[in-house]
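Dear colleague,

Please read them alongside the coordinates.

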Amino acid sequence: MKAIRRFTVRPVLPDPLRPLAGLAHNLRWSWHEPTRALFDSLAPEGLSGADPVRVLGSLEGSRLTALAADEEFLARLRAAAEELDTYLHAPRWYQRELGAAEPPAGIAYFSPEFGVAAALPQYSGGLGILAGDHLKSASDLGVPLTGVGLLYRHGYFRQSLGRDGWQQEQYPVLDPGELPVTLLREPDGTPARVTLALPGGRSLHAHLWTARVGRIPLLMLDSDVEENAPGERNVTDRLYGGGSEHRLLQEMLLGIGGVRALRTYSRLTGAPAPEVFHTNEGHAGFLGLERVRELLAEGLDFDTALETVRAGTVFTTHTPVPAGIDRFDRAQVARHLGEDGALPGVDLDRVLALGDETPLGGDPGVFNMAAMGLRLAQRANGVSTLHGAVSRAMFAGLWPGFDAEEVPITSVTNGVHAPTWVAPEVGRLSPEASDRELWELRRTLRERLVTDVRARLRASWRQRGATDAELGWTDTVLDPDVLTIGFARRVPSYKRLTLMLRDKERLRALLLHPERPVQLVVAGKAHPADDGGKRLVRELVRFADDPRVRHRIVFLPDYGMEMARGLYPGCDVWLNNPLRPLEACGTSGMKAALNGCLNLSVLDGWWDEWYEPEFGWAIPTADGTAAADEERRDDLEAAALYELIERRVAPRFYDRGPDGVPAAWTAMVRRTLGDLGPKVLADRMVREYVTRLYVPAAEARRALTPDRARELAAWKARVRAAWPEVSVDHVELGDGVGAGGDLTGADAELGATPVVRVRVSLGGLSPDDVEVQAVTGRVDADDTLTATRTCALKPAGGEDLDGRQPYAGTLELDRTGPFGCTVRVLPAHPLLSHPAELGLVALPREPAAEAPGVLLR
């Protein structure tokens, strides 16, 4: 028989044990080892202490009575509760270092997924894990962040394998009563909820659940509400599930509903209203439209509301290719956001223009969530230095006339939360530890991984239909003394799960080498709709099933946070071989590095930024014609991978001294822990977000009173209307002060300071509305300026008879070789965050002059 209704019976804790409930429902236990150990000591056999809520739910009354009388346990409990109270309320970095500067009192962080702990499975991969680490480090630093997401009743899928190695998906039901979350309630005890209007008179209701992530509240909207029709009730059923309509409703609930959830939370708890809104990828972009709607209801016009919203918004893109961006049919968006939808009273044409992707070479019938996110945010960033450059090039069409390097998208390189991902033994390791101690610890962690892999492999084979009698071979899978390489991540094609299989015979030779064998631990999930990714998984599994090598290579299904916590410390080398530059950051290698695991990676994402030979190895990438031929490219890069492992990685691992310790290897481990480790921390990342993005966004938002926002919007409208008439009409280079100032000879001398004189037409604008710049730099064969510098030119008198305004300034020729100069006009206003903000620039229509040694373009 099956139950027709499911509910959770919670234990009644005796008074001395009441602090257990608070410890279990604050997810800080997931990165605080003493609290984890406390719950581990309570867990019945077979139930992991990784889920304290379930542990408490499993305790019998007699056990609770005994614990309530156990003075030793009660002392540990009091110590844990007191330590948590201090952590939650004592001033931390944000209060100590930034208090005098009046930083933002509240920051809202929106993300479609959050990977905080395995006990709250609301994540699919790197984006969610990054969001979880962001919350945890914000908590450690005392940043007043509030997370906003969705509560998926089935989470992401659980992965298993069929007998033939084909990925299979299961979607277990998640009961909020068994999760570390609390339902937000009104003062009368009824569940708090938000509502979105949908076309056809329908409504989408959502309850609000709160998870405590240390000091950080995480609000999650849940559409499994009885008042909803079946279709609406299932909006939050699965992470990244369903078709276009389903995804659109999810993203409307996340963005529009998320803002309403924040307002409800502030009303009920007294929490400060956020001054800054951080959109983690485009999925939550509709939050800006809801904030515009709020301001319209307060009497502001659309343009004034838009400027106000933009000032306090930060947008982070994680996408290195246009195909990774959420895009919806324009008519579908119009139907859901119009007068009969979620945003009545908001100018629909203006809304649709925000998602227009035609400047990016896209489809006029499509609404682009990233384009909207960038237009609604005054500050935007990529997630590594290389990804910032990729993003500037990818979105340059939104700022026409500007070179990609001037596009206003910066970068904050991701980081990872050390207390979550570092093995306790590594965290306790003294910097003065000897090479032998370091090497013995590495073997201990490798041996622990081997034990875990064997158990997981046996469980996987049982799911595939094998009997225990067939699985004796699993007792000898992997060897704690063999060089262990890990590879674990999602399985889109660009991550190239099967690059290692390019030459199977060569891989077998590496695995079975008589003196320097290698073993591989591989894990990863393909999206349920991605049959191409599933074929890659099956190809890898079939190779690993081969009796000749199955003791040296394993594929572990259902990769998740708990598996990862043992995988990173237990591997010696972390492999990453994406197609460059498609890995936005790639934080798995960071987690490995924090545990002393060396990276073997393509120079992409964060590794491109911080690679040094002392930290690991760089896999060469094909370029030129070889890169254009996919088959040849993969052959070349796979061959380079095999060569590195065979000739450099394995020999260094197995080159032992008289004491049996590989001194060169342990030196690399030591450098990785000591020099690379501090760079990859999420604490560093969150500090950068605070100082470079959150604080400036809050200051910009505070500066925009309604009157100033109205003035700024009117100024922008006036500038845009006049800009077609703005032009650079005449440019001259004359003699300057100092040697070599005369440009009429054959060359210009180093150190010359030629004078630039220009005349510009301002189309009715005043000199206060613009900045006229000379732009200098080296020139290539096509006269393209590189390594540019700008010099502001000053008004040099009144208008001439043709109404043109003269400007002048001096250049400094401080570099030898081919040199060039141009002149441009930009809008200028003290409230602009970046000279390119409006996407307007006026350049000379034709080459204005040319002198020996100086090109004017």
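At what angle do helix α18 and helix α26 pack, and how far apart are their axes? Before the answer, two remarks on the source: the model is predicted, so local features need pLDDT of at least 70 and side-chain atom pairs count only at pLDDT 80 or more, while totals for chains, interfaces and linings use all residues. Residues are numbered from 1 along each chain as its sequence is written, and side-chain values use heavy atoms, with hydrogens and water left out.

Helix α18 (residues 435-463) packs on helix α26 (residues 663-676) at an angle of about 85°, and their axes are 10 Å apart. This makes α18 roughly perpendicular to α26 (angles of 65 to 115 degrees count as roughly perpendicular, under 35 as roughly parallel, over 145 as roughly antiparallel, and the rest as oblique). Helices (H or I, at least four residues) and strands (E, at least two) are DSSP runs numbered from the N terminus, and axes are lines fitted to C-alpha atoms, for helices over the stretch in contact, with angles running from 0 to 180 degrees between N-to-C directions. On the side of α18 the contact is made by Asp-435, Leu-438, Trp-439 and Arg-442, and on the side of α26 by Ala-663, Trp-665, Thr-666, Val-669, Arg-670 and Leu-673, where contact means heavy atoms within 4.5 Å. Sorted by class, this contact has six nonpolar, one polar and three charged residues (Ala, Val, Leu, Ile, Met, Phe, Trp, Tyr, Cys and Pro count as nonpolar, Asp, Glu, Lys and Arg as charged, and the others, Gly among them, as polar).

Turning to the sheets, there is an open sheet of six strands in the order β17-β16-β15-β18-β19-β20, with parallel pairing; two strands pair if DSSP finds at least two bridges between them. The edges are held by β17 (553-556) and β20 (616-619), each of which has a single partner strand, so one side of each is left without a neighbour in the sheet. On average, neighbouring strands of this sheet are turned by 20° against each other, direction ignored. Within the sheet, β18 (residues 573-576) and β19 (residues 598-602) pair in the parallel sense over four bridges, and Asn-576 stands opposite Ser-601 in β19. Helix α20 (residues 531-544) packs on this sheet, touching β16 (518-523) and β17, and its direction makes about 140° with that of β17. Helix α25 (residues 630-654) lies across β15 (483-488), β16, β18, β19 and β20, and runs at about 165° to β20.

Strand β21 (residues 726-734) is joined to β22 by eight bridges, with Ser-761 in β22 as the bridge partner of Ser-727. Six of the eight residues of β22 (residues 755-762) are buried, so this strand is largely enclosed by the rest of the structure (buried means under 20% relative accessible area, exposed over 50%, and partly exposed in between, with a 1.4 Å probe and protein chains only). Strand β22 also pairs with β25 in the antiparallel sense over six bridges, where Arg-759 has Pro-806 in β25 as its bridge partner. Strand β25 (residues 805-810) is in turn joined to β24 by two antiparallel bridges. Strands β23 (residues 770-779) and β24 (residues 785-795) pair in the antiparallel sense over seven bridges, and they form a hairpin with five residues between them, in whose turn Asp-783 has a positive phi of about 65°.

Some backbone details deserve a look. Arg-580 and Pro-581 are joined by a cis peptide bond with omega of about 5°, and Pro-581 is found in the loop between β18 and α22 (588-594). Asp-558, in the loop between β17 and α21 (561-570), has a positive phi near 65° and is buried, with a relative accessible area of 16%.

Finally, the structure holds zero disulfides, a disulfide being a pair of cysteine sulfur atoms within 2.5 Å. For Cys-597 the nearest cysteine sulfur is that of Cys-571, 5.6 Å away, and Cys-597 is buried at 0% relative accessible area. For Cys-791 the nearest is that of Cys-821, 8.8 Å away, and Cys-791 counts as partly exposed at 24% relative accessibility.

With kind regards
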